[in-house]
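Biologist: I am new to this one. Can we go through the labels and see what stands behind each?

Modeller: Gladly. Here is the structure.

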Amino acid sequence: MMSTQKESSIAALPGWELWIYWILSMGSHLYSFYHLHRFSKEYEGGLDREFELQEGFLIPGYKKDPTDFEWSFWNEWARKCLLWSFLGHAVISRLASIFIPRGRVAVLTVYGLLVAWAELGSLGVGVVFLHTCLFFGVAHLRRPALTWVCALLLLATLYLGSLEELQRSWFETEAEYYLLYCAIAVCCLRSISFSLEHAWRPLEAGGLARFGWLTAYTFYHPLFYNGPVVCFRDFTRQMQSPCGSVPRLDVPSLLVSAARICAWWGLAELMIHLMYTHAIAGYEAYLHFLPPWALGGLALALVQFFYVKYLVLFGLPSLLARLDGLSPPRLPRCVSIMYSFTGMWRHFDVGLYHWLVRYIYIPAGGSRHGPLWKMLSTALAFCFVCYWHGGHGYLRNWALMNWLGVMVENGLKVSLRSPRVYPAIERCLSPAMRRRCLAFLSAFSTAMLILSNMVFLGGNHLGRIFWKRVFVQGWSTVAVPILIFLYSFAQIGLEQDRKEQLSARDRPG
């Protein structure tokens, strides 16, 4: 997961062969989605009684699946206030950059605090501010181990029953508490970033100025609740840019980006109108007799919806951050062209990946001290991700599967590139055949990656049923076609990486 070694060149394939892979990839998606749609409509009555499907608005006569809590929550909260507060941030930031450019960061800090106060209340903001002050004090001791002890203890407060009930009592609805939960979890990442950066290289500013930068970083409104994650070093360097360097307001580009976010939102809504993916995944009785093509459609729809959802949840904050002169992490890459555990961690949540590399993997030793330290460093990163998400049993299984997947991929890569093996491969196989062999191996890795994602998105029961029906009961019938389609997905992903390599080589400097 954490290797920064540059990948070797990927060979080109004939155009007709790539067309076959595209047809197989798109065809398998559409056909499996069609079967999942048919199953959804056939059992709509039972799902409606169990989960209370909502009346749809995107397609007349269709209901929608409301059981993805995260999507329903952010949709409702955006409608109530977040879109308006984001719009206010954009307007105030632009006015401040024009009239008081030297005070722009202070203005945005005050705005972020006021909005957080309005949305979380005084007690909610007080908790976040208390965490910020604690980390500020710990940071000045310049002891990374103490930073991690403080972080783990503060995260533990999110899962203590008595303290959780106390915080819930501050709010009238579960949604308001969930907003505080998200704010504390994400702000903890930012506080760790500040504390460790200060331990390694303190800011050249007085104590009050340092606290001001930490407050600005913590309460920066576009990234306050959900990310994407931006490290403190990058935030301060970009926000300290010389006066007048805030990007010019490019209206056509702004409109294109906004239209793209609206299209992603529309696609996500279309998916939950046409396929009751999350309701079916939560109804174990249906999973046992779901037709094979619909079962495959369920797996693809779960991961694709998760991808589209985060294009929206990260896309809008990233757009606002770019308007402020920040360079947020790249948006997630399509999960259907992820052909390895390593690639999934590098290219889905890019900000979190860079955060884990900078603050856990490299300080823990990384690959500098041999394979054992690399295994340990990667394990520590996955342990933290599991703990940060809540540390539940299914999350531990998901983290273990990802760690094993990354270790197997890295071990196989090292073995195949060893001086004894790689020259023989070069003599026996052409570059194109080596790419085909890589895609063949990647099909198995992708199958396990999808399985791990189903555990993450649907729990242990969903992963267990998928494993049983595909690889135990259906090893001779279902597994083979799935691996053929996954081979095609891997080839599309390899082609995307090849084009990115060519683009990087042609880029000046």
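Biologist: Which residues of α3 meet which residues of α4?

Modeller: This is a predicted model. In it, Trp77, Cys81, Leu82, Trp84, Ser85, Gly88, His89, Ile92, Ser93, Ala96 and Ser97 are the α3 side of the contact. The α4 side is Arg104, Val107, Leu108, Tyr111, Val115 and Glu119. The residues of this contact divide into 10 nonpolar, five polar and two charged.

Biologist: Why are α3 and α4 called roughly antiparallel?

Modeller: Look at the angle. Helix α3, residues 69-99, and helix α4, residues 104-139, pack at about 165°. An angle over 145 degrees counts as roughly antiparallel. Therefore α3 and α4 are roughly antiparallel to each other. Their axes are 10 Å apart, and the crossing is right-handed.

Biologist: What makes α9 largely enclosed by the rest of the structure?

Modeller: Count its residues. Helix α9 runs over residues 232-239, and six of the eight are buried, so the rest of the structure largely encloses it. The buried ones are Phe232, Asp234, Phe235, Thr236, Gln238 and Met239.

Biologist: What covers the buried residues of α9?

Modeller: The cover includes α4, α7 (174-200), α8 (207-218) and α15 (350-361).

Biologist: How do you know that Arg233 forms a salt bridge with Asp234?

Modeller: By distance. The closest N and O atoms of Arg233 and Asp234 are 3.8 Å apart. The cut-off is within 4 Å. So the pair qualifies as a salt bridge. Asp234 is one of the buried residues of α9, whereas Arg233 is partly exposed at 36% relative accessible area.

Biologist: How many salt bridges does a search of the whole structure find?

Modeller: The search finds 18. One of them joins Lys41 and Glu44, with the closest N and O atoms 2.8 Å apart.

Biologist: Why is Glu44 called buried, and what is Lys41 called?

Modeller: Buried means under 20% relative accessible area. Glu44 has 18%, so it counts as buried. Lys41 has 28% and is partly exposed.

Biologist: What makes Arg168 and Glu165 a salt bridge?

Modeller: Their closest N and O atoms are 3.9 Å apart. The limit is 4 Å, so the pair counts. Both residues lie in helix α6, residues 161-168. They are three residues apart, about one turn of the helix. An α-helix has 3.6 residues a turn, so residues three or four places apart point the same way. Arg168 is partly exposed, with a relative accessible area of 23%.

Biologist: Which residues are linked with Arg168 in a network of salt bridges?

Modeller: Glu164, Glu165 and Glu174 are linked with Arg168 in that network.

Biologist: What stands out in the backbone at Glu52?

Modeller: Its phi is near 55°, a positive value in a residue other than glycine. Most residues other than glycine have a negative phi. Glu52 sits in the loop between α2 (44-51) and β1 (54-55).

Biologist: Why is Glu52 called exposed, but Arg142 partly exposed?

Modeller: Exposed means over 50%. Glu52 is at 63% relative accessibility, so it counts as exposed. Arg142 is at 42%, so it counts as partly exposed. Phi of Arg142 is also positive, near 55°. Arg142 lies in the loop between α4 and α5 (144-156).

Biologist: Where is there a cis peptide bond?

Modeller: It joins Gly227 and Pro228, with omega about 10°. Pro228 is in the loop between α8 and α9. Most peptide bonds are trans.

Biologist: How do you know that Thr218 is buried?

Modeller: Thr218, in helix α8, has 0% relative accessibility and therefore counts as buried. Not counting residues up to four places away in sequence, Thr218 touches Val128, Thr132, Cys187, Arg190 and Phe224. The C-alpha atoms of Thr218 and Leu189 are separated by 9.5 Å, and these residues are 29 apart along the chain.

Biologist: Is Thr215 buried or exposed?

Modeller: Thr215 has a relative accessible area of 6%, so it is buried. Thr215 is in helix α8 too. Leaving aside neighbours within four places in sequence, Thr215 is in contact with Thr109 and Leu113.

How values were computed: Residues are numbered from 1 along each chain as its sequence is written. This is a predicted model: local features need pLDDT of at least 70, side-chain atom pairs count only at pLDDT 80 or more; totals for chains, interfaces and linings use all residues. Side-chain values use heavy atoms; hydrogens and water are left out. Axes are lines fitted to C-alpha atoms, for helices over the stretch in contact, and angles run from 0 to 180 degrees between N-to-C directions. Helices (H or I, at least four residues) and strands (E, at least two) are DSSP runs, numbered from the N terminus. Angles under 35 degrees count as roughly parallel, over 145 as roughly antiparallel, 65 to 115 as roughly perpendicular and the rest as oblique. A crossing is left-handed if the near helix is turned anticlockwise from the far one by less than a right angle, and right-handed if clockwise. Contact means heavy atoms within 4.5 Å. Ala, Val, Leu, Ile, Met, Phe, Trp, Tyr, Cys and Pro count as nonpolar, Asp, Glu, Lys and Arg as charged, and the others, Gly among them, as polar. Buried means under 20% relative accessible area, exposed over 50%, partly exposed in between (1.4 Å probe, protein chains only). A salt bridge is a side-chain nitrogen of Lys or Arg within 4 Å of a carboxyl oxygen of Asp or Glu.
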